[in-house]
Amino acid sequence: MTVRVLHFSPGTATDRHDSHRAALGFIHCLRSADPESFPNLVCELVWALPSINNPARVQSLLTGAEVVVVATPVHGQGSPWYLRKFFELTRGLQLWGTLATAFATAGGQHTGGEMALLDTFRSLQGCGACTFTFAQKLTVIGMQQRALPDGEFHPIDVWFLRQLARTCLVQWAARPDRASGERWARQLGIDSAYYLEFPDAARLEAQVGEVCRWMNEPLSDPGLAYEQWTRRLGFTAHPPDARSLPFAALFPEPLV
């Protein structure tokens, strides 16, 4: 089973790489969910931004994986222009049977993250992909406008990423035998009625406290933090440098 995470970092008017850091945490949650039951799980993290002028490359990124996950920032109350450009190059692509989901990092809870995800799901569905979320939750992580320093993840953010990652495994494992879906969900701790027994602070700390701290460490010491992520995941985890892209001038300048 191959899960390919396509991320579009940086793209926002900060240098925090929120969606990139979220993607690192998502992959860690995916790998650590149940290694014994999914020994052949392959997790790929791919920077999708350089492909937006190349239709063949865009289509190759969306094929060949059992599950495709899109990690996107948000611009101007909705989808970034480069995310829309990416999906404009999928004309004629056939993704029948491919599972797909997405999550977004946004300035706040009311800054258009849900629109970016709905646009993404509609585009994936237009290619024939089978899209899903964790229960009814659109996984939008508001990185500002709350009682935390800007850019800092809260354990509840990471918990929703964890549940979405585990939903990927449940959806894939249940495809050959739909009756097994409930068993896989119980085994992986997935419940569509999660709001009836929401995790308290102690459970959040036990389940995602450590990875949440790892995801926040780049805010204070990016060099060391991304080196540690590289060792954990086994591939280069440093955020990409978009300055060399031919359309780099179209990105907003980082806020000071």
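Modeller: Before we start, a quick definition: strands are DSSP runs of E of at least two residues, numbered from the N terminus. Also, keep in mind that this is a predicted model.

Biologist: Thanks! So where is Ala 135 found?

Modeller: Ala 135 sits in the loop that links strand β5 (130–131) with strand β6 (140–142).

Biologist: And what is the phi of Ala 135 like?

Modeller: Ala 135 has a positive phi of about 50 degrees, although Ala 135 is not a glycine.

Biologist: Okay, and why does Ala 135 count as partly exposed?

Modeller: Its relative accessibility is 29%.

Biologist: Let's switch to His 17. What about its phi?

Modeller: His 17 is not a glycine either, yet its phi is positive, at about 55 degrees. You'll find His 17 in the loop between β1 (2–7) and α1.

Biologist: Is His 17 buried or exposed?

Modeller: Buried. The relative accessibility of His 17 is 12%, and buried means under 20%, so His 17 qualifies.

Biologist: Which residues is Leu 24 in contact with, leaving aside neighbours within four places in sequence?

Modeller: Those are Leu 45, Tyr 226, Trp 229, Leu 233 and Ala 237.

Biologist: And how is Leu 24 placed relative to Val 208?

Modeller: Leu 24 and Val 208 are 184 residues apart along the chain, and their C-alpha atoms are separated by 13 Å.

How values were computed. Residues are numbered from 1 along each chain as its sequence is written. This is a predicted model: local features need pLDDT of at least 70, side-chain atom pairs count only at pLDDT 80 or more; totals for chains, interfaces and linings use all residues. Side-chain values use heavy atoms; hydrogens and water are left out. Contact means heavy atoms within 4.5 Å. Helices (H or I, at least four residues) and strands (E, at least two) are DSSP runs, numbered from the N terminus. Buried means under 20% relative accessible area, exposed over 50%, partly exposed in between (1.4 Å probe, protein chains only).
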